[in-house]
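Thanks for sending this one over. Here are my notes, written so that you can follow along on screen.

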Amino acid sequence: MRHAAHFARLVALLVIVVVGFLLVRAKMVPKDFGVKGHFRLSAIADEAAREPRHIGSDACAECHDDIGAAWRAGKHHVPQCENCHGPGLLHTKVVAEDSTRGYPDKILTAFPKAINPGTGIRECRWCHLKTFERPSALKYIVSVQQHVEQHGGTYTSASRCIDCHDPHTAEVKR
Amino acid sequence: MSQLPPDDVTRRAFLETVARTGGQSFLFGSLFVNTALLRLPQAGTDAKARAEAEVGKGVIYGFVVDTTKCIGCGSCVRACRAENGVPDGYNRTWVEQYTFYPDGEVFVNSPNGGEDGFADPAPTRNKPTGTEAPMRGFFVPKLCNHCIDTPCIQVCPVGASFKTDEGVVLVDHERCVGCGYCVQACPFGSRYLNPETGTADKCTWCHHRVVRGLLPACVVSCPAEARIFGNVSDPQSRISRILATNRVQVLKSFLGTRPRTRYIGLDSEVI
């Protein structure tokens, strides 16, 4: 046939395109893509590799055993340590790396963000301030000022909940 | 008259050639194309049967939100942000405050996702636009529903969104190109584009914690036990017992996404 050369060229071009496509595809698509579905299977392991930042109250109590025991025995044991103090992972690493264990002031100065010491009022308000939509099983106060004055105290703008209450047991300090 | 092609090609021969090469290329092409096309309906057939097959295999995670217990403290939102490094202004989980007034108006509020709590110094506060006092109200924590029939996975053009065998919807941050289709496809607003990574991000039910035998950060931090997470394919698990003894509802059931996150005490006004 007169046009055989044209066809040969076209077929050659097609082969090059197809082979090129397959080569590029093999290079671009990860090996484990499509094993269990239209995704990269090792992405699950990637996600699982992240280190949990909340270490749990038991881990906190390993070092802070006195506070841990008081917290557990008291009536304020429902909120966990990290609810108020923030995640403890960095704190444990800082403690381990600096071997400043037993010197919390030094840790806080060196790594102010390693753990949150708490403001002594903001954390309490999250749960204990009366809000209309809240179920009424918890102990609520309408405002800090009203609460302080109700109990015969003197309220100032610097008044904090922990002035009277132990935050770990919620007991009134004497 | 212009020059015609050489006359040794008859009309019959020309048509035969066209038909033959056309047929050959169709058959050749169909080796690649048709198999791909035929696979699609198979992959989509009867999601219910697939889900049931999944249940038989092992662990299927579920999440129950008890709106009657939520006190709106925002502990879950803060824990989630810290655990997952969620950038400010974005949320994997958030708490909505619903307030009902006697005239039938409903106000929904979620300042900063509820992260700073819902400070409300006056329990008899007035309606934002009038003087009426609220009639009733409650909090609704929201998070990814980890749907069985996910719109977000369907629209992903690069296969970066997927579902694990345990029913958890995850994002592959290496493959994600940040097109944002999934963010728009999710009818629950559960996804966002993380400005730090440029990829889509969402609640993972703390997959990295769950694989280590821990509970999700929001579940651990909830002081009201309003969030329950567990294996729903184990009839003895706490979540299974809760699901067996409560009447539960899902968000936007009319969309047919079949969420795995279920709600106790969900009001019809909750969207």
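Predicted model: local features only at pLDDT ≥ 70, side-chain atom pairs only at ≥ 80, totals over all residues.

1. Let's begin with the overall make-up of chain A. Of the 174 residues in chain A, 18% are buried. If you look at contacts between residues at least 6 apart in sequence, 47% of those in chain A join residues at least 24 apart.

2. Next, the domains. Chain A is divided into domain 1 (4-48), domain 2 (53-117) and domain 3 (119-169). Between the C-alpha centres of domain 1 and domain 3 of chain A there are 64 Å.

3. Helix H1 of chain A is worth a look on screen. It covers residues 4-28, which is 25 residues. From first C-alpha to last, H1(A) reaches 36 Å, close to the 36 Å expected at 1.5 Å a residue. How many of the residues of H1(A) are buried? The count is zero, and the helix is hardly covered.

4. Why does His128(A) count as buried? Because 20 other C-beta atoms lie within 10 Å of its own, and 20 or more is the cut-off for a buried residue. Leaving aside residues up to four places away in sequence, His128(A) touches Leu138(A), Lys139(A), Tyr140(A) and Ile141(A). Ser143(A) is 15 residues from His128(A) along the chain, and their C-alpha atoms are separated by 9.4 Å.

5. Now for the meeting of the two chains. Here 33 residues of chain A are in contact with 42 residues of chain B. On the chain A side, the elements that give two or more residues are helix H2 (42-48), helix H5 (81-85) and helix H8 (122-128). H2(A) provides the largest share, four residues. Sorted by class, the side of chain A that touches chain B has 16 nonpolar, eight polar and nine charged residues.

6. In chain B, one open sheet has four strands in the order E9-E1-E11-E10, with mixed pairing. Strand E9 (227-231) and strand E10 (248-249) of chain B stand at the edges with a single partner strand each, so one side of each has no neighbour in the sheet. E10(B) is joined by two bridges to strand E11 (residues 261-264) of chain B, and these two run antiparallel. Val248(B) has Ile264(B) in E11(B) as its bridge partner. Helix H8 (residues 238-245) of chain B packs on this sheet, where it touches strand E1 (61-66), E9, E10 and E11 of chain B. The direction of that helix makes about 115 degrees with that of E9(B).

7. Another open sheet of chain B has three strands, ordered E3-E2-E4, with antiparallel pairing. Which strands are at its edges? They are strand E3 (106-109) and strand E4 (136-142) of chain B, each pairing on one side only. On average, neighbouring strands of this sheet are turned by 20 degrees against each other, direction ignored. Strand E2 (residues 94-100) of chain B is joined to E3(B) by four bridges, and the two run antiparallel. Within this pair, Thr99(B) has Phe107(B) in E3(B) as its bridge partner.

Note on methods:
Residues numbered from 1 in each chain as written. Chains lettered and ligands numbered in written order. Expected span 1.5 Å × (residues − 1). Buried ≥ 20, exposed ≤ 12 C-beta atoms within 10 Å, placed from the backbone. Contact = placed C-beta atoms within 7 Å. Nonpolar A, V, L, I, M, F, W, Y, C, P; charged D, E, K, R; others polar. Domains from an automatic or database assignment. Pairing = 2+ DSSP bridges. Axes fitted to C-alpha atoms, helices over the stretch in contact; angles between N-to-C directions.
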